[in-house]
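Student: Please take a close look at one part of this model for me. I would like to see how one chain meets its partners.

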Amino acid sequence: MKLGNWLALFVALVLAAEIARLLRQRAAQHGRWRRLFRHRTTSWGIGILAFLVIIALAAPLVAPFPPGDQLGIVDLKNHPPSWTFILGTDVLSRDVWSRIAWGARVSLGIGALGALVAVSLGTLVGASAGYYRRWVDALLMRGVDVGLALPRIFILLMMVALWDRLPFAALVLAIGLTSWFGTSRLVRAEVLSLRERDFVVAARALGAETGRVIFRHVLPNAATPIIVSAALGVGNVLLLEASLSFLGIGVAPPDPSWGSIIADGASTIYTAPWTILFPGLAISLVVMSLNAVADGLRQALDPREEMA
Amino acid sequence: MLSAMSRRSPFIICGILAVATLAGCERRGGCTGSFCGTLINAAIGEPPTLLPPSTEVVVANDIGEQLFLKLADVGMSENTIGDEDFQPLLAQHWEWDGPLTLVFHIDPRARWQDGQRVSAADVEFTFDAYKDSVVASPFRAKLRRIASVTQRDSLTAVFRFRERYPEMFYDAVFHMRILPAHLLRSIPRDQWRTAPFGREPVGDGPYRFVRWQAAQAIELVADSTFFLGRPGIRRLIWRFTPTLPVAVTQVIAGEADVREQLVTPENVERARAAPHLNVITYRGNVYTYLGFNLRANGDTSQPHPIFADRDVRRALSMGVDRALLVKSALGELGKVPPGPMSELLWIWDPNIRQLPYDTAQAGRILNARGWRDHDGDGLRDKNGQPLTFRILVPTTSVLRVQYAQLLQAQFRKIGVQVEIDAVEGAVVTQRTSSGNFDTVILSRGNDPSPGSGITQTWMRGGFGRSNVGRYYSPEFERLVDRAIAEPSRDRARALWRSAIETINADAPGIFLYALANVAAVHTRFDNTQIRPDSWAALLRTWRIPPDKLIDRDRVER
Amino acid sequence: MMAWLVRRLVASLAIIFAVVTFVFILIHVAPGEPCAQIDVDVDPIVCDQLTRQFGFDKPLHVQYWRYLVALAHGNFGYSFSLHRPVRDALAGTIPFTLQLAGAALLLDLLLGLALGIYQAGRVNRLPDVILGNTTLFVYSLPTFWLALILLLVFAEQLRWFPVGGPNDPILCPVVDSLYCVADRLWHLVLPATTLGLVGAAGTARFQRAAMLDVANQDYVRTARAKGAPERRVVLRHQLRNALLSFITRFGLAFPFLLTGAVLIETIYAWPGMGRLAFNAILTRDYTLVTATALIASTVVVFGNLLADILMGVADPRLRVRAGADVEVVTA
């Protein structure tokens, strides 16, 4: 690691801490949002997430080597962590830290985009089912049941088998298309209950068209499960991507993603454990942080907590 | 209520374990002496069937070695010319009755495991089955030069050949495992692949089939009356594990006794560090290569825009430092092959002329063929097309995926851009058979005979099958045909050398590595003879000294 | 109630039918043929023969119709890659899958409940905080990563547990004695722990939140005000709710435990349905893939139905399911 990289890393840490602190300060002014930070874990979660996102964005600055560079395939293969390679090298003598930094882009990107597709689709389907009810509801929810009846890895495996070589976008799409079922159920439940509330009935009586009613009145109040779902969804997608890469059907070599780094290192776990330790920790940290933030959000936005 | 329950449950569990351990103490059997013992092999993958003509899978072959006998076996020297180096098995002795006629005398002591004697009728039946197009045995093509097999009397089988060539004896004995005619005659040939006999075989070999637990294990037990000597180890178990790392871990933890191939340097390092394991190296029978598709990607009637040019292929080969890659990925466990061969073959000779590693020369040749960096982006191009291609590699092989990435870096250094397609095995097979690829990394296993593998993979007869790149050189084929037909070993060796030098100069592929086989065997086993072409062929000679028996060896079941 | 049951049954059958059709189409459309073998020189005649024998060259709708007819007769077909009837292949794996899923769920329920209750009883004090962070961490782990670590530490280094496989191949190829039962349990520990720990962490988190919810409910406050022994009241209500929500989560988790546990089964060499299905997809073994989809979806759908019935019986308010609100992590 060169001096510039250490500097960039330090800046990233400081920035992340600042973001967490700033958010907490702003939140302290609103009652509801103050609850968001009631637990220390939430601010830690936000801080860690911010740090990893900054690392992903600033990968060229933080990473001393290009992620695909084989630095010395005989001498520097499976090198343990040292000052030059702070997280060691892998079986092809690539710097693990650089791969994790660049891989953050891929993994977090897949996570965010996949969750976006999943949550969007789930919200759309759930809202339609909950609002229109009757046969639309029955049809859509049976479809959701079908989707829930098969485990994701099974379906994903078959979908991946359909493409000769899987482009990044197709992978994101495939993951998104198989992850929306739970969200749709949640949204449907919320919409069902919100539908009969006064403001919605009033809007309908005033002649607002359905789409407007859904988007401007119903959904914003159903935000809680959607947002929480999104936060958890990113974590789920990340874990799913890691599993797929481990099975050999995720991100193609030599592009780094946290899952494929683990897959590369799985055969040398006994002689070079750092190759799977650090990417695994990275994944756990992100999912943990997302879960902590989701917890905080749930507490902040849940009206029942007003009483506690 | 819950708390009360949670207080009681640990005691219940302890109670069960206590009873179980006591019950377990009773189980230790009483086998002592020289013919006890259990050998557990951590095998990878489960065979589809144990009927010999229907499968070429390695595990099925290993188990087949214990169940079914061949007429004779190659010796440790792996010499396939003539008949001096062969060991009698089912055939007690043989003689030549004319230049094209070979007569085998079957050992009268040989018995099928249901008691019937092995007779020449079985040999005749076996040949008929192996050649039957309905059975469609993968060994069928290798028997094409045998005209007929008939029985002269119940213990004499006569082989008649179409032509005279040096490996006649080898062809007669190596490919076929003799089958029990009386048990298989009634099964319709088109059902052989799925017949129950394949899951409960009856043979005449040193071991008898006991049970096959689907997805778990196959168990064999020694036949104490085996006519060539009672096997030293009483029981053999092939335990199926899904992947190599799991299998190696089982051996290192002492739950399995042998893993015949460790493959990677990490595994060898772990095995060497384990005090209860011996590490045995023996000549490997597999080589791996990067094959160029000489026809267009997706259209076998057109030449490939890059690889149809011989000079470009030569330049690309010269741009790869094969020795360095072997050192990095395999350490001491692999060698750079001097051609399309593994170290098992007697034609292996490091002095055969190959293309050198010379990036400067590679650059010059590419320049001369018009592939220069015209636009300064670090990549060569010609007529506006960049010099880029894709490597197809199966995800099932970690080593090959690793190699694909190593090659990518090597090609980058000479200005060639390479993308990697890591896909499932089924897709690789489909794309190679339909010609939908640029390059592919494949492995080929060798018989001891140099001719069979090379004929299938590098000659025109293999188009549409093993010769996925569709390489054809009349000069090469001429030399190979002469080499195969040459009865004198020294002259044959010289002819083979010319042939291999020809194919090396044509560079239809880059011959990347020939794996050395490294086996890990538990130290308590004695006389662990391993024949390189088939490691399990001599399992019946392995022994465990009575003082080294461990618990699971003594179980008598 | 009856009408609802009948409607649900019909819907369940429709779902299973839809699942099987979807899977059937998907696996047939995927490139790659069933009898292809890599690195081995397979005679094209073999492939042609087998293709014709099993009718894989017919158009898709013809194959589909024949499959349905065969299914109606109870014939699941023949597995191309395993060379056995599909029924035998599946029947072999079901006990192992059930054992693994059952043990994992048991661990999940017991440990998760215990932790959740313990934490709720000491809310925001040190034990709660430590356990809370630990469960958060465990819940976030990739299961296959946990499996690799557990295998490394407990099986290879410490030798406390066996390195994979369901049994001792010599002494207990079949479970025919008490010793073999114990042997099976011993082999079950690591894989079930890997699956169950992550589930238990999730259950603990959920339970803690649910119990804290209940503690503030009116009926608990009332009981408290009436002077009834708090522990008994709270515990009874909380346990019942806990069990009910566990049944719901169980319904969501079941598909994962059946065929999603591929990674665990691969790492531990456990011969369950997940690994079977995975290999079937890789080898394009059409009949096996569709049969697995059929079995898995049937179990899941009828399991959910059973769970709904149980919950309807237990709590009349829940007769119409509004949907569960916990995301299950399938990793």
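Tutor: Chain A and chain B bury about 2000 Å² between them, with 57% of it on carbon and sulfur atoms. Buried area is the accessible area (1.4 Å probe) that two parts lose on being put together, summed over both. This is a predicted model: local features need pLDDT of at least 70, side-chain atom pairs count only at pLDDT 80 or more, and totals for chains, interfaces and linings use all residues. Residues are numbered from 1 along each chain as its sequence is written, chains are lettered from A and ligands numbered from 1 in the order in which they are written, and side-chain values use heavy atoms, with hydrogens and water left out.

Contact (heavy atoms within 4.5 Å) joins 18 residues of chain A to 26 residues of chain B. One salt bridge is counted between chain A and chain B. A salt bridge is a side-chain nitrogen of Lys or Arg within 4 Å of a carboxyl oxygen of Asp or Glu. Here Lys77(A) pairs with Glu266(B), at 4.0 Å from N to O.

Now turn to chain C. Its contact with chain A takes 49 residues from chain A and 57 residues from chain C. The two bury about 4600 Å² between them, 73% of it on carbon and sulfur atoms. On the chain A side, Phe154(A), Met158(A) and Tyr270(A) lose the most area to chain C, together 13% of what that side buries. Between chain A and chain C, the count is again one salt bridge. Asp295(A) meets Arg205(C) there, with the closest N and O atoms 3.2 Å apart.
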